[in-house]
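Walk through this structure with me, one region at a time. Keep the sequence and the 3D view side by side.

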Amino acid sequence: MARTWKLFARSVVTRQRQRLRESEAAFILLATVSGLIAGLLTNMQSALAHGIQQLLYGVTINRLSALGSIHHPWRLLALPLGGLCLVALGYFIGRRQRPPIDVVEANALHGGRIPFVDNLVIAAQTILSNGAGASVGLEAAYAQVGGGAASFLGQQLKLRRNDLRMLVGAGAGAAVGAAFGAPLAGAFYAFEIVIGAYTPAAIAPVAAAALAAALVTRSLHVDPYLIATTATRLVSTADYLIYALLGLVCAVIGIAVMRMVTFVEMRVQSWQRLGNWRPVIGGCLLIPVAWLSPQSLSAGHGALHLDLALHPSISFLLIILLLKIVASIISLSFGFRGGLFFASLFLGSLVGQIFAATLNLWFPGLAIDSTDAALVGMAALSVSVVGGPMTLAMLMLETTHDFALMGVVLTASLIASAFTRETFGYSFSTWRLHVRGSSVRSPRDIGWVINLTASRLMRKDWVSVRDTLSIADFRAQIPLGSTSKAVVIDASGRYLGIVPTAIAYGSTLSETAPVGSIATLADTTLAASADIHQILERLDHSGADELAVVDDHDVVLGIVTEKHVRRRYFEEIETSQRAMFGES
C-alpha cells in the first residue's frame, strides 16, 4: 500500500513538472506564489531589522536616521556590538570555502541555482548589520531571500535553466516591489538587474509576482514609500539640460563611491592579525560619525524625508553627504553586509538638493525646485550604483505619482547609466564580483560560456609523434590523407608543436631531418579550463584551425578544432535566443 501511494505521489509530481514546462498559465501561477512568498519574507525581514533598531536605539515611530541626535551616547555601542555578532555568526557557520552566491551571480553563472544556506547567511548578516545601525540597506537581503525562495521552489520542481532564471528574477523583483510598495519598479528590477533582458516570455510571470508581493504589503497595512512633490510645474527644455548635468554629476559621485569602497575594502582585507575582527573595528569607527549626525546611520529613509521637508542649508547638506559616504564606505569595507541601493537614494537626494541650491545661488533666475532636483538625483545616483534606469524611473513615478517629472528623471537616469557604463562598466554588485575575479558584468546568462571549456570541446583521437622522428619515418607511419595534423611531443610527453601532414610531404624537405624541426604553434596552447570565448580569441590570434589542450606540465590532453568550437558556439547562442523569446 505504501509503495502504491509513493508511486502515485511521484506520478503527480512528474505531471505537475510537465505542466510547468508546457503551460504558460501554470508558470505564471508559480511566479505568483513566489511573489506572495517574497512579499511576506520581505516584510518579515523589515520588521525584524526595525525591531532590533528599536531594541538597541529606542526608535519607536521615527526611523533611525531621522533622529535629531543620539540622546544616550552609550547606545552607539550597538555598532561594535553588531560587528561582534557578525564575527560570532561567521565562526558559527564556519569558514566557508566560497562567498555566498547572490541572485545576480546565480542568474549569470549558475542558471538561477542558489544554495538555500546562502540565502540564510546573507539575510542574517544584512539584518544584523542594518539593525545595528550600519550604513547599509536591506535590499540585499530582500532580493536574496525573494530570489532564493523562488530558486528553492524551482529546483524542487526541476525547472529548466531559463525558467529557473526567470523565476529567480521574478522573486527578487517582487521582494523589491514589496519593500517600496511599487510593483512596476519591482518588475523592472527583475528585468534589468536580475534577469538581464526584457523578454516576452518573462513579462507576465514577473508582473504577476510583483503585483502579488505588493498586495501582501498592502494587506499587512504597511505604508508605501511615498514622497510629496510640487503639485504643478512646467518642464522646459532648459530643465532637461540642467538635470542632464545633474545626471552626470551623480554618475561621477556614484563611480567614486564604488571605487572608494573597494579601495578601502582591499586594504582592510590585507590585515593579517585583525582581519577576523573587521566588523567590530568598523563599528567603533562608525561611532564618531553617528555621533556627529544620526543621519549617517542605517539606510537613510527617515533622513531623506526629513531633509526634503526641512530644506536645510547647503553647508548642512554637504556635511551630511560626506558623513553618509564615509559611513557607507566604513560599513561595507569593514565587513557589514548590505547594499548601496537604499543608501544611494539618500545620497542622490542630498546631491540633488546641493545641486539645486548651488545653481539657484549662482543663477537666481533658474529657480530650480530643490525637491524636484532631489528626486532626479535619487534616480540618477542610484542608476549609477545599481543599474537599471527604468527601474528607478518607475520607482520615482510610483513613489511620487508625478507624471510631469518623469521626463527629466528618465533623462538624467539614462545619462547617468550611459556615462557609468562607458567609463566604469559595472554596477556595484557586478563590480564587487569583478574584484573577486569573476567574469560577471551583468545578470545576462553566461553560465553556458563557462561550461563550454576546452576540456569539454577537445577531441581525444589525436595522433602524436616524437620530435626525434625523421621525416621519412613520419611519412611511413602517417600516410598522406590519414590525418591532417600530428602533435609533436618529447620523450616525457610534453607538447612541442603541431605538424601539418601536407607540409611533412613537401618535396624540399630532407628525409633525415627530425619532424620537430617543422613543428608549428610550439608556444600556442590552451589550458583545459579555458572557456569558449578564450578559445575563439586564441584561434583568431594564432590563425590556426587546431590547437592543443595541455595540462600544467604541458602534457597534451586533446585537440580543439575551430570548426567544432564555432559550431557549438552558434548552437548555444541560438538556444539562448530561443529561450529568451519563450520558444521551445
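What covers the buried residues of α18? The cover includes α4 (103-109), α10 (237-269), α13 (314-333) and α15 (370-386). Contact here means heavy atoms within 4.5 Å. Helix α18 spans residues 428-435, and its buried residues are Phe428, Thr430, Trp431 and Leu433. Buried means under 20% relative accessible area, exposed over 50%, and partly exposed in between, with a 1.4 Å probe and protein chains only. Helices (H or I, at least four residues) and strands (E, at least two) are DSSP runs, numbered from the N terminus.

A word on the source. This is a predicted model, in which local features need pLDDT of at least 70 and side-chain atom pairs count only at pLDDT 80 or more, while totals for chains, interfaces and linings use all residues. Residues are numbered from 1 along each chain as its sequence is written, and side-chain values use heavy atoms, with hydrogens and water left out.

Now helix α5, residues 116-132. Gly133 follows α5, with a positive phi near 105 degrees.

Turn to the nonpolar interior. In soluble globular proteins, nonpolar side chains tend to be buried together. A nonpolar core is a set of buried Ala, Val, Leu, Ile, Met, Phe, Trp, Tyr and Cys residues joined through side-chain atoms within 4.5 Å. The largest has 125 residues, and those with the most contacts inside it are Phe180, Phe341, Leu345 and Leu395. Helix α14 (residues 341-362) gives the largest share of this core, 12 residues. A second, separate core has 16 residues, including Leu526, Leu547, Val560 and Tyr569.

Next, the rings. They pair (Phe, Tyr and the six-membered ring of Trp) if their centres lie within 6.5 Å; planes under 30 degrees apart count as stacked, over 60 as edge-to-face and the rest as tilted. There are 11 aromatic pairs in the structure. In one of them, Tyr189 and Phe341 have ring centres 6.2 Å apart and planes at 10 degrees, so the pair is stacked. Tyr189 lies in helix α8 (residues 183-195) and Phe341 in helix α14, so the pair ties together parts 152 residues apart in sequence. Tyr189 is buried at 8% relative accessible area, and Phe341 is buried at 3%. For Phe424 and Tyr426, the centres are 5.9 Å apart and the planes at 75 degrees, so this pair is edge-to-face. Both residues, Phe424 and Tyr426, are buried. One aromatic cluster is formed by Tyr142, Phe180, Tyr189, Phe341 and Phe342.

Last, two single residues. Ser413 lies in helix α17 (residues 406-423). With 0% relative accessibility, Ser413 is buried. A polar atom of the Ser413 side chain lies 2.8 Å from the backbone oxygen of Val409. Ile559 lies in strand β6 (residues 556-561). With 5% relative accessibility, Ile559 is buried. Ile559 and Val463 are 96 residues apart in sequence, yet 9.6 Å apart in space, C-alpha to C-alpha.

Conventions. A polar contact is a pair of N or O atoms within 3.5 Å; within protein, one must be able to donate a hydrogen and the other to accept it, and residues adjacent in sequence count only if both atoms are side-chain atoms.
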